[in-house]
Amino acid sequence: MKAKKYNWTLRHSFLLFLVIFISSSCVEDVTESTKEPTRYTANDIKSYSDLFDVFWNTMNQKYNYFYEQSSFNWETVYNEYAPKFKKLKTFNRDKQYSKAEISEDCNKAIEYFTEIIDPIIDRHFYVKISLPVSHSFIRNVYFHGGMKSKEKIYTYPFELKYEYMRSKIQSETGVFGQANDMLGGFLSDNPDIYYFSFKSFTISNHYILSFGSEYLVIDDKSPYYLTEKEIRDTVEANKIKDPAVKSALIEKSIEYMNKFNSFMRSEIAQDAIKKIADFNQSENPDNSFIEALSKAKENAPDINIELSQLSGLKEFRLNPNYTTWFKQRSTEHLQLACEYTVFLSNIDNVINNQYKIDFYRNFLVPLKVGKIKKIILDLRGNGGGMVLDARTFTDRFITKDAIFGYQRFKEDNNPFSYTPWTPCMTKTTGIGIKKEIPIVILLDNNSASMSEISTLMLKSQGKHVTVVGGYSAGATAGLGDSDQFNGGIRGKVSDYLEFYMPLLAMQDATHTVIEGIGIKPDLLVDPLTEDEVREMALSPFTHIDRTLKQAIEVLSNN
């Protein structure tokens with residue numbers, strides 16, 4: 001089943017990608033000698049030998065770092081392990097094999113896959129393989145690069161760090177998060193230094209306030225706009241034989257619509273819309289902004305309450321067809337023609353979430369207006385998250401356009417056919433700080449993915465950025481939709497394999513691949529010990545965080 005190899009030359013395509021906003025490419029058409037991994041089915045895997053072949057072919061087509069791992073010869077892997085997997089006979093769990101024999105083969109397969117996968121440097125990569133462990137049961141085993149390492153690396157769990165740091169932050173300037181997942185504020189003992197840490201890069205989803213460019217525009221050109229004429233002329237109304245009932249229904253319906261339309265045109269609603277437009281420019285949720293939104297919410301008619309009251313009227317109860325029609329059309333009018341419900345939902349997102357207001361008032365606004373003059377960004381234990389956070393968070397510290405790294409994609413299914421390395425650039429934006437400030441970034445072995453990309457972005461800005469702590473995780477390869485690109489795959493390959501494999505390879509600004517190695521800090525701090533982690537948990541008021549102490553010393557000298 002192993003795919004035949006071809007001698008491909010590297011085609012130099014014009015591909016200009018940013019690490020965040022990536023364009024598109026296409027997976028090469030399937031030829032007779034290759035099979036796209038997603039087309040494998042359970043029928044393609046009848047033995048351990050088949051399982052290994054499908055695994056090998058998928059890696060051969062999709063993995064991004066074979067060139068960088070020159071000592072990791074994939075052909076040699078096949079030649080060495082194909083005979084070993086071929087000797088394993090119990091994959092189909094036939095009754096002729098004992099439970100012990102099936103279990104023994106399973107353990108050997110785990111041993112072989114571990115030996116094969118352990119050298120993989122891509123720290124996002126893993127594969128889940130389903131292996132028969134008895135006549136009745138399947139065992140799902142996860143494999144990843146470096147899994148044979150026995151070295152124990154201690155890091156502070158975010159929860160411990162949160163409790164440790166909370167008492168060290170001025171409460172009046174504090175950002176304490178939705179569920180103890182974010183912590184920021186000026187340090188009590190070093191009030192010129194701002195400390196900020198968060199559990200994961202999910203700021204865009206959980207903290208950023210997003211508004212539309214316009215609200216409550218009563219669009220009479222919309223197909224969903226409900227006019228008084230449509231209410232009077234609707235078939236459902238004209239089916240009602242009693243003129244008095246028909247008249248009452250129509251007038252109550254028009255009264256209902258006018259109640260909402262009047263609010264949408266009101267000074268209260270328009271003032272809230274103006275304050276939202278101001279916020280979109282300033283990002284400052286001041287008291288006038290909150291008051292205007294709260295007043296609009298208090299005065300806005302509630303669709304559910306108003307409809308319930310309307311439906312309870314005798315005329316509506318006795319004419320269910322008209323009532324159903326009117327409910328649908330009035331709701332379409334408010335939701336789709338006027339975006340009334342979006343308006344109220346966006347208001348609720350502000351006034352019902354004080355932690356978001358605090359995030360802006362106590363962090364984003366002071367940062368933007370220059371009140372934060374020195375900052376510690378503690379990314380220890382932050383395993384990454386949303387790429388969008390590069391725009392909504394990391395860009396706030398960008399003061400110049402600069403190359404922070406390079407990226408590369410697969411060109412086709414040949415393991416050594418790649419696009420050229422293309423630069424990843426930082427770009428200044430309207431939300432960024434106006435001038436450089438001293439920044440210290442704290443890293444440890446659990447700082448991965450977006451923590452590392454953000455660090456590379458900030459390091460590109462100049463010598464005012466210092467990295468303190470330990471080596472990061474070395475998980476910089478980019479994830480994305482593998483249907484658009486030739487490299488990487490995320491999802492099932494037959495019923496037995498499930499891959500999580502990035503689609504691009506990454507270098508830092510010096511053209512160094514740091515995958516599986518990590519970002520080297522400017523100031524390397526000795527690794528944490530188990531006793532230190534325990535001490536932070538048991539004695540947070542007396543414990544000394546050596547990495548934090550080093551960061552404070554760096555900033556105190558600036």
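Begin by selecting domain 1 and domain 2, whose centres, taken over C-alpha atoms, are separated by 40 Å. The chain is divided into domain 1 (38-142), domain 2 (156-206 + 352-398 + 433-475 + 513-555) and domain 3 (226-337), with bounds that come from an automatic or database domain assignment. Where domain 1 and domain 2 meet, six residues of domain 1 are in contact with seven residues of domain 2, contact meaning heavy atoms within 4.5 Å.

Before going further, note that this is a predicted model, in which local features need pLDDT of at least 70 and side-chain atom pairs count only at pLDDT 80 or more, while totals for chains, interfaces and linings use all residues. Residues are numbered from 1 along each chain as its sequence is written, and side-chain values use heavy atoms, with hydrogens and water left out.

**Aromatic pairs**

Next, show the aromatic side chains. Rings of Phe, Tyr and Trp (its six-membered ring) pair if their centres lie within 6.5 Å, and planes under 30 degrees apart count as stacked, over 60 as edge-to-face and the rest as tilted. By this rule there are 51 aromatic pairs. Select Tyr126 and Tyr500, which are a stacked pair because their ring centres lie 5.1 Å apart with the planes at 5 degrees. This pair links distant parts of the chain, since Tyr126 belongs to strand S1 (residues 126-132) and Tyr500 to strand S11 (residues 497-501), 374 residues apart; helices (H or I, at least four residues) and strands (E, at least two) are DSSP runs, numbered from the N terminus. Tyr126 has 28% relative accessibility and counts as partly exposed, and Tyr500, at 23%, counts as partly exposed too, where buried means under 20% relative accessible area, exposed over 50% and partly exposed in between (1.4 Å probe, protein chains only).

Then select Phe201 and Phe393, an edge-to-face pair with 6.3 Å from centre to centre and 75 degrees between the planes. Phe201 is in the loop between strand S4 (194-198) and helix H5 (203-206), while Phe393 is in the loop between helix H16 (389-392) and strand S6 (402-409), 192 residues apart. Phe201 is buried, with a relative accessible area of 0%, and Phe393 is buried as well, with 3%.

**Charges over rings**

Two further rings carry a charge, which sits over a ring if NZ of Lys or CZ of Arg is within 6 Å of the ring centre and within 35 degrees of the ring normal. Select Tyr81 to find the charged end of Lys84 over its ring, 4.6 Å from the centre, and then Tyr418, where the charged end of Arg408 sits 3.6 Å from the ring centre.

**An open sheet and its helix**

Now colour strands S7, S6 and S12, which in that order form an open sheet of three strands with antiparallel pairing; two strands pair if DSSP finds at least two bridges between them. Strand S7 (422-426) and strand S12 (504-508) stand at the edges, and because each has a single partner strand, one side of each is left without a neighbour in the sheet. From one strand to the next the twist averages 35 degrees. S6 and S12 pair over five bridges in the antiparallel sense, and Tyr406 can be found opposite Gln507 in S12.

**An enclosed strand**

Move on to strand S9 (residues 465-469), which is largely enclosed by the rest of the structure because five of its five residues are buried. Val465, Val467 and Gly469 point one way from S9, whereas Thr466 and Val468 point the other way. Strand S8 (residues 439-443) runs parallel to S9 and is joined to it by five bridges, with Val465 in S9 as the bridge partner of Ile439.

**Loop residues**

Thr173, in the loop between helix H4 (158-166) and strand S3 (182-186), counts as buried at 15% relative accessibility. Not counting residues up to four places away in sequence, Thr173 touches Gly184, Gly185, Phe186, Tyr194 and Asn362. Arg93, in the loop between helix H2 (74-86) and helix H3 (99-117), has a phi near 55 degrees, a positive value in a residue other than glycine. Glu339, in the loop between helix H13 (320-337) and helix H14 (340-351), also has a positive phi of about 55 degrees although it is not a glycine, and Glu339 is partly exposed at 37%.

Technical notes. Axes fitted to C-alpha atoms, helices over the stretch in contact; angles between N-to-C directions.
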